[in-house]
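Please open the model in your viewer and keep the selection panel at hand. The stops below proceed from aromatic rings to a helix and then to the ligand.

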Amino acid sequence: MKSFVINGQRRLCGETDIQGSKNSVLPIMAATVLVNGESIIHNCPELSDVDAAVKILRLLGCTVKREGHTLIVNSENVNSYEIPDRLMREMRSSVMFLGAILGRMGKAVLSTPGGCEIGLRPIDIHISSLRLLGVSFADENGKLKFDIPDGLQGTRVTLPFPSVGATENVMLAACTAEGITVINNAAREPEISDLADFLNKCGAHISGAGESTVIIQGVKSLNSAEHRVISDRIVAASYLLCAAVTNGNICITDVVPSHIGSVLPVLREMGCTVETGINTVKLLSPEKLRRIRLIRTMPYPGFPTDIQAPVTAALSVADGTSVVIENIFESRYKHVGELLRFGAKIHIEGRMAVIEGVNTLNGATVNATDLRGGFAMLIAALAAKGGSVVLNTEHIDRGYEAPELVLSKLGADIKRTE
Ligand code: EPZ
């Protein structure tokens, strides 16, 4: 079993750049299916979720080459419209290929994505929205079959919730639909804007991405393009929290400070000094972090749900009691049981976590329960006195590129073991 072995209470100091965004590169990789040509994607992080998406692209008939952090996808010969169950299970967010496959092939077959560690992850909003564009759907014993008997027709789509994935799927399906599609109550995450930037470089006509109303004017086809993926705002905030719990002093580069605009005030309220530049964020942490009265996770630009587990780990050693409310996913507290092994004092009431800060955490052997919950274990281990072992690191490898190298460079005592 793969694990990280960490000796805690090493001060993190120095500078690190931030990897490309997992949640941006994945929908952009799906978008390449619509392109009748070659897509060159720079700043692509080396992650197991990206590897899974490469497998899907190849299965659909694309050729994919990786040269360091550049991915070259040739989609001239897309010849399949089915994602097999094993790949859907390997990465449930493969559902984001749906809109692109429909736009390219006129039909799609997926298996039910199923839930994951943080919730049931239904796709009802994806399906109801695509139906408005003329998509027919049948669930045949877990095989989801999509068809467009009369082609994709632009229309007005109002999302009942600003779902990131559903916004992306509608954008992708609408790119080559007949006429204009208007998405109301669209997700506003930076990853939506990055996807639109890529698609417009390919010849799409998308406006309003990043706002609540996105307008897509259908075009006949999309052509070759080159694009650099934005940096990963969740990874950036995660490493700032690593410095915060170790009385650290770090500078992260190649980031967009406004993308973590809701996290920086929380770090300041915890007692950190935070300075932002055009593409940098510097953080100087106090000896002892202060508690936060209340954090509510919200859709962007609110506090990101993906930072809920990492910030809960950091607040475990703050001075005082903090409250976190998880409003996005229904069961995103699996990491709390593992934090208790470090000696954290956390009480869960439904969607609310009450975190009573303790003087110090003690090293422990814990399991990574999911991607962000797994990184929360690293934060707790960095803060803890003594040695810790974090097991099931495959969860962390889905979204963080070589965290042991990044953290070691900043002064942490961390090793990856098989
Ligand atoms: C994206 O997931 C991200 N994943 C998630 O990051 C992120 O937590 C989430 O957006 C919210 O920001 C990727 O981009 C690959 P949603 P997505 O649709 O699109 C419910 C990580 O750690 N919902 O905005 O699945 C859903 O159950 C991952 O990197 C429906 O009910 O998120 C959830 O409660 C985790 N029906 C809420 O909406 C639907 O059809 C938000 O989901 C779709 C969603």
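Rings of Phe, Tyr and Trp (its six-membered ring) are taken as a pair if their centres lie within 6.5 Å, with planes under 30 degrees apart counted as stacked, over 60 as edge-to-face and the rest as tilted. By this rule there are 4 aromatic pairs. The model is predicted: local features require pLDDT of at least 70, side-chain atom pairs count only at pLDDT 80 or more, and totals for chains, interfaces and linings use all residues. Residues are numbered from 1 along each chain as its sequence is written, and side-chain values use heavy atoms, with hydrogens and water left out.

**Stop 1: the aromatic cluster**

Select Tyr-239 and Phe-375. Their ring centres are 5.5 Å apart and their planes stand at 85 degrees, so the pair is edge-to-face. This pair links distant parts of the chain, 136 residues apart: Tyr-239 lies in helix α8 and Phe-375 in helix α12 (residues 371-383). Helices here are DSSP runs (H or I, at least four residues), numbered from the N terminus.

Are Tyr-239 and Phe-375 buried or exposed? Tyr-239 is buried, with a relative accessible area of 2%, and Phe-375 is buried at 0%; buried means under 20% relative accessible area (1.4 Å probe, protein chains only).

Phe-375 and Tyr-400 form a stacked pair, at 4.2 Å centre to centre with 20 degrees between the planes. Tyr-239, Phe-375 and Tyr-400 form one aromatic cluster.

**Stop 2: helix α8**

**Stop 3: the ligand**

- A polar side-chain atom of Asn-23 lies 3.1 Å from a ligand oxygen.
- A polar backbone atom of Gly-165 is 2.8 Å from an oxygen of the ligand.
- An N or O atom in the side chain of Asp-306 is 2.6 Å from a ligand oxygen.

Definitions and conventions: Helices (H or I, at least four residues) and strands (E, at least two) are DSSP runs, numbered from the N terminus. Buried means under 20% relative accessible area, exposed over 50%, partly exposed in between (1.4 Å probe, protein chains only). A polar contact is a pair of N or O atoms within 3.5 Å; within protein, one must be able to donate a hydrogen and the other to accept it, and residues adjacent in sequence count only if both atoms are side-chain atoms.
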